[in-house]
Amino acid sequence: MKLFAALFAALVSAAALLGGCASVGEPDPQFAWVQWTGAAQPQVRLVPAGAQCPPLEVDGQLVTMHMRAAAGAPSSPTRPAWDASVCEAAVPPGASELRVGSQRLPVPAPQARRIVLLGDSGCRIAPGVAQACDDAEAWPFARVAAAAAATRPDLVVHLGDYHYREAPCPPGTSGCAGSPYGFAWEPWRADFFVPAAPLLAAAPWVFVRGNHEECARAGQGWARLLAPGPFDAQRSCDDPRNDGVADYASPYAVPIGAGVQLLIVDSAVAGNTPLNPQNPQDALTQKQYAQDMRDLTRLAAPPGVRSWFISHHPVLGFAANGTGLFPGNPALQQALRGVNGPVLFPAGVQLALHGHVHLFEALSFAQDEPPTLVAGHAGTKLDTDLPQAALQGASPAPGVQVREALHAQRFGFVLLENTGPDTWTLSAFGTDGSVSAQCKLGPARAFRCTPAR
């Protein structure tokens, strides 16, 4: 605990010093961050303080930022008006310093050797459920983000589900009284950008889309703020008639150095049940996912490159079902099996990373499938823990059995560190910076995990 406090204090002091060399005359944005895009190129994005985009300062030279999406009413009366503008600019190759106003932004590292993984971070307010957003114990995302920033990561990967404030706080509920809700900017600001601020300042991000960011929910904010592709009207989620396009996106690769690439899959509408091809929506999803997995198999093919498959929904993870288990995602399994056969994942995939289930899980399998890590425990109300007895030999998909399983029902995040040639160490952190478990990942497709002593 003392080590964590010292590291976090040092981070805050360093951020204050770095912000001391301000660009004169430019107002600070509300929020600014660096993220990887579908073109494998980093971008600066920001929500400006005013209506115009401020310039980006790159190594002392001013670069024009462009309006990604202006505030304004959508094209359909059934979707809310979006009341904040979003700006963007590409990060030039070789840049060593990025600033907007007085804010210094993180520059992508040539090799990401320390990677923070977290997911499912928002404060859940929905009909019948009211998480205490004002209580740092009940909704600890701000503490998780601060603890993660103190580890000094090179990259942050959010595994999806940022926005949970979908309904008003129930009358008489003090823990969330006055919380913004709905799908416009203010709930996004409260649910993600305010608590995540120290971690946004610490490293560039990869954003994965969750089911809470499908068009019928918080898709407008996703399209404007975090989506990896260019913003356009058809993919804005403003008009429900375009949801059949905007709810899907092709997989893409992010090279992170050390012979590793991330393969990002948009599983926002995967659901939790098998797809029925007689249902038009399911038929559309089935067709899209089949193409996605063909594209992913091609992306995973470069010789000498290890790929980490990332989707919000766990392909081979579990959720609790009373005394039993809900198995992995049938829609994604179906698509992978249709392309790759009995072994779901292509040979180049070394690791699978997911959110969606509000727990920590590290699973290895008896068959030649990559180990699965679930890190959906960054702040949203936790799910029921997995029953250990039911996990022994459990099957998340036909023909796949669990060999080893480590899991925990506690808030936190995961740090992946490159600790040697072809070797990564996974550490499961709590909100106070303590480590509850560690796993080793080598060239083989398996974890070796031990709970912390």
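This is a predicted model: local features need pLDDT of at least 70, side-chain atom pairs count only at pLDDT 80 or more; totals for chains, interfaces and linings use all residues.
Cys87 is another story: it counts as buried, with a relative accessibility of 0%.

These two cysteines form a disulfide, and their sulfur atoms sit 2.1 Å apart. The link between Cys53 and Cys87 is left-handed, with -90° about the S-S bond. Distant parts of the chain get joined here: Cys53 is in the loop between β2 (42-47) and β3 (56-58), while Cys87 belongs to strand β6 (residues 86-90), and the two are 34 residues apart.

How many disulfides does a search of the whole structure find? The search turns up five. If you number the bonded cysteines of the protein chain in sequence order, they pair up as 1-2, 3-4, 5-6, 7-8, 9-10.

One of the five joins Cys123 to Cys133, with 2.1 Å between the sulfur atoms. The link of Cys123 and Cys133 is left-handed, at -95° about the S-S bond. This pair connects distant parts of the chain, ten residues apart: Cys123 is in the loop between β9 (114-118) and β10 (125-126), and Cys133 is in the loop between β11 (129-130) and α2 (141-149). Cys123 and Cys133 are both buried.

Then there's the disulfide of Cys439 and Cys449, where the sulfur atoms are 2.0 Å apart. Is that link left-handed or right-handed? With 110° about the S-S bond, the link of Cys439 and Cys449 is right-handed. Cys439 is in strand β25 (residues 435-441) and Cys449 in strand β26 (residues 447-451), so the bond ties together parts ten residues apart in sequence. Cys439 counts as buried because its relative accessibility is 1%, and buried means under 20%.

## A seven-stranded sheet

Now for a sheet. Seven strands make up an open sheet with mixed pairing, in the order β14-β15-β16-β19-β21-β20-β22. At the edges you'll find β14 (252-257) and β22 (402-408); each has a single partner strand, so one side of each has no neighbour in the sheet. From one strand to the next, the twist averages 20°.

## A parallel pair and a helix

Within the sheet, strand β15 (residues 260-265) pairs with strand β16 (residues 306-311) in the parallel sense, over six bridges. If you want a spot to look at, Leu263 stands opposite Phe309 in β16. Helix α6 (residues 280-299) packs on the sheet and touches β14, β15 and β16. The direction of α6 makes about 175° with that of β15.

How values were computed: Residues are numbered from 1 along each chain as its sequence is written. Side-chain values use heavy atoms; hydrogens and water are left out. A disulfide is a pair of cysteine sulfur atoms within 2.5 Å. Helices (H or I, at least four residues) and strands (E, at least two) are DSSP runs, numbered from the N terminus. Buried means under 20% relative accessible area, exposed over 50%, partly exposed in between (1.4 Å probe, protein chains only). Two strands pair if DSSP finds at least two bridges between them. Axes are lines fitted to C-alpha atoms, for helices over the stretch in contact, and angles run from 0 to 180 degrees between N-to-C directions. Contact means heavy atoms within 4.5 Å.
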